[in-house]
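Please read it with the sequence and the 3D view at hand.

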Amino acid sequence: MRGDASVAAGLPAPLPSLAHHLPLVVMPRSIDGPHGNPLLLPGPAGQIEVLLDLPAREAPLGLAVIAHPQPLLGGHARHKIPQLLARALCEAGWRVARPNFRGVGASQGVHDRGIGETDDLLAVVDQLHATQPGARLALLGFSFGAFVQVRVAHALAAAGRPAWRSCLLGLPIGDVAGQRCYATPPPIGDTAVIHGEADERAPLSAVLEWARPAVQPVTVVPGADHFFSGRLPVLRQRVLAQLSTTPEP
């Protein structure tokens with residue numbers, strides 16, 4: 001069944017760069033923390049609230065954009081999984097952006113089933129990446145955020161500027177709990193797919209079926225539920241391994 005949060009089939013249309021149409025960002029040294037304020041960027045549906053974590057090192061390893069879970073179910077940029085990943089990647093030397101989707105926090109607009117949210121993340125990527133041209137771009141997403149990041153990855157590749165690597169966690173495919181349906185595009189580029197064996201919201205069987213045509217490897221965390229309860233250290237380690245800039249021996 002397809003409810004209000006169902007997603008239209010098909011890949012995102014290639015989008016031109018928004019950097020020429022939106023004001024360039026002048027970023028402070030640190031904005032996310034007890035003494036800072038979120039960054040507000042212009043987007044297709046109004047302002048986008050972005051939590052930005054800056055590493056101690058002067059030359060970051062690149063820009064990592066982390067997308068949070070389903071906003072209709074209370075997902076936000078400070079959810080435990082985006083927060084965990086942001087802390088780990090920032091400590092590893094990455095500049096990390098966690099946008100709030102439409103209607104969450106200070107982000108304007110209304111939920112758009114992943115379509116408008118794709119446009120919003122592309123706007124964030126354009127503006128933040130423009131301040132560090134040529135830097136590595138990593139896309140990460142959990143649950144609904146993983147679905148959006150697959151769309152973002154396809155749009156960037158179609159525009160001739162693919163992401164360096166991606167991490168998709170708890171990716172929803174097809175019909176899931178809550179009468180939602182996700183027409184998730186196929187995997188693209190250097191992508192790590194990490195899924196819980198006992199995921200009760202996004203069944204592992206659907207992910208394996210989605211991955212099979214492209215022979216996309218899937219890392220299965222034994223016994224893990226959708227939120228990787230009790231398995232967060234494993235999740236952290238696998239994400240850091242995917243985004244390591246040190247060549248394997």
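F228 counts as buried, at 1% relative accessibility, where buried means under 20% relative accessible area, exposed over 50% and partly exposed in between, with a 1.4 Å probe and protein chains only. This is a predicted model, in which local features need pLDDT of at least 70 and side-chain atom pairs count only at pLDDT 80 or more, while totals for chains, interfaces and linings use all residues. Residues are numbered from 1 along each chain as its sequence is written, and side-chain values use heavy atoms, with hydrogens and water left out.

F228 is found in the loop between strand 10 and helix 5 (232–242); helices (H or I, at least four residues) and strands (E, at least two) are DSSP runs numbered from the N terminus. Most residues other than glycine have a negative phi. The two residues in the table have a positive phi although they are not glycine.

| Residue | Phi | Relative accessibility |
|---|---|---|
| V215 | near 50° | 70%, exposed |
| F228 | near 55° | 1%, buried |

V215 lies in the loop between helix 4 and strand 10 (218–221).

The structure holds six aromatic pairs, a pair being rings of Phe, Tyr and Trp (its six-membered ring) whose centres lie within 6.5 Å, with planes under 30 degrees apart counted as stacked, over 60 as edge-to-face and the rest as tilted. One of them joins F101 and F144 edge-to-face, at 5.3 Å centre to centre and 85° between the planes. Because F101 lies in the loop between strand 4 (95–99) and helix 2 whereas F144 lies in helix 3, this pair ties together parts that are 43 residues apart in sequence. F101 is buried at 2% relative accessibility, and F144 is buried as well, with a relative accessible area of 1%. Ring pairs also link F101, F144, F147 and Y182 into a cluster.

A charge sits over a ring if NZ of Lys or CZ of Arg is within 6 Å of the ring centre and within 35 degrees of the ring normal; R136 lies in this way over the face of W164, at 5.4 Å from the ring centre.

A nonpolar core is a set of buried Ala, Val, Leu, Ile, Met, Phe, Trp, Tyr and Cys residues joined through side-chain atoms within 4.5 Å. The largest such core has 37 residues, of which L128, L171 and W210 touch the most other members. Elements that each supply at least two of its residues include strand 1 (39–43), strand 2 (46–53), helix 2 (115–129) and helix 3 (144–158), and the largest share, nine residues, comes from helix 3. Apart from this core lies another, of 23 residues, among them A64, A86, A138 and L140.

On a 1 Å grid over the protein atoms alone, a cavity is a set of points where a 1.4 Å probe fits but cannot get out, and lining residues have an atom within 4 Å of a point. Grid points are joined across faces, edges and corners, and a volume is the space filled by probe spheres set on the points. The structure holds one cavity of 30 Å³ or more, and about 40 Å³ of space lies in the largest cavity. Its lining includes Q149, V150, S166 and P187, with the largest share, three residues, coming from helix 3.

Notes: On a 1 Å grid over the protein atoms alone, a cavity is a set of points where a 1.4 Å probe fits but cannot get out, and a pocket is an open set with protein on both sides within 12 Å along at least five of seven lines; lining residues have an atom within 4 Å of a point.
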